[in-house]
Amino acid sequence: MKYSFLLAALALVLCCQLSPAATPGKYIVHARGFSHVYLCGPGVQPPLDRIEDGVIHSKIQRGEDLYLVISCTIYSGGNPNGKCGAGEESSLYWLHIHGDTVVKAQEILYASCWESIVGSIDGWKGQFLLVSYNTIVGDDANPPNFSSVAHHIVFNCKAPEKGLEDHADPPEKIPR
């Protein structure tokens with residue numbers, strides 16, 4: 001009796017883990033002049049927050065496929081008088097949409113008070129959208145172990161299916 005209960009519980013857990021979700025997640029996008037709700041395809045996780053008050057940098061339609069590149073900045077939500085009280089978190093999103101479903105998605109955080117990331121959108125250089133940011137690596141309380149890594153996000157509008165490419169330079173020591 002004891003073992004049959006355990007086997008039934010294990011079978012139920014395995015069944016729930018292997019079954020597809022009954023309700024797919026949703027990508028909610030609100031950008032200036034654009035608002036839409038998309039279903040999430042298999043393996044696509046929507047962001048924790050909706051993409052709110054975003055800026056569309058690229059919108060490319062190829063048949064039934066739509067490729068969007070959107071930047072979005074939200075407040076960090078810290079203590080108003082403490083760390084990150086007036087801080088911001090900025091992400092760049094790439095969405096590959098087929099019909100009404102997001103089939104692939106990327107999100108790269110390029111500015112963050114909480115994660116000590118400083119960055120900006122450099123803009124378009126020919127067919128490439130460029131974003132640069134620096135991440136702080138190591139223990140800032142121990143300067144010899146404190147360095148910065150420069151990153152460059154590239155989006156090629158002539159090959160939108162490739163998504164966002166994030167290139168990191170070797171770490172450099174931060175002079176103190």
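Me: What should I know about the model before reading values from it?
Reply: The model is predicted, so local features need pLDDT of at least 70 and side-chain atom pairs count only at pLDDT 80 or more, while totals for chains, interfaces and linings use all residues. Residues are numbered from 1 along each chain as its sequence is written, and side-chain values use heavy atoms, with hydrogens and water left out.

Me: How many residues are in the largest nonpolar core, and which have the most contacts inside it?
Reply: A nonpolar core is a set of buried Ala, Val, Leu, Ile, Met, Phe, Trp, Tyr and Cys residues joined through side-chain atoms within 4.5 Å. Buried means under 20% relative accessible area, exposed over 50%, and partly exposed in between, with a 1.4 Å probe and protein chains only. Here the largest core has 16 residues, and Y27, Y38 and L68 have the most contacts inside it.

Me: Which elements give two or more residues to this core?
Reply: Strands are DSSP runs of E with at least two residues, numbered from the N terminus. Those giving two or more residues are β1 (26-31), β2 (34-40), β4 (65-75) and β5 (88-98). β4 gives the most, with 4 residues. A second, separate core of 15 residues includes W94, I117, V131 and Y133.

Me: What does I108 touch beyond residues up to four places away in sequence?
Reply: Contact means heavy atoms within 4.5 Å. I108, in strand β6 (residues 101-112), touches S90, S91, L92, Y133, I153, L164 and D166 on that count. I108 and S90 are 18 residues apart in sequence, but their C-alpha atoms are 8.6 Å apart in space.

Me: Why does I108 count as buried?
Reply: Because its relative accessibility is 11%.

Me: How many aromatic pairs are there?
Reply: A pair of aromatic rings is described by the distance of the centres and the angle of the planes. Rings of Phe, Tyr and Trp (its six-membered ring) pair if their centres lie within 6.5 Å; planes under 30 degrees apart count as stacked, over 60 as edge-to-face and the rest as tilted. The count by this rule is 2. Y67 and W94 are stacked because their ring centres are 6.4 Å apart and their planes are at 25°. This pair links distant parts of the chain, with Y67 in β4 and W94 in β5, 27 residues apart. Both Y67 and W94 are buried. W124 and F155 form an edge-to-face pair, 6.4 Å centre to centre with 75° between the planes.

Me: Are W124 and F155 buried, exposed or partly exposed?
Reply: W124 is partly exposed, at 35% relative accessible area, whereas F155 is buried, at 0%.
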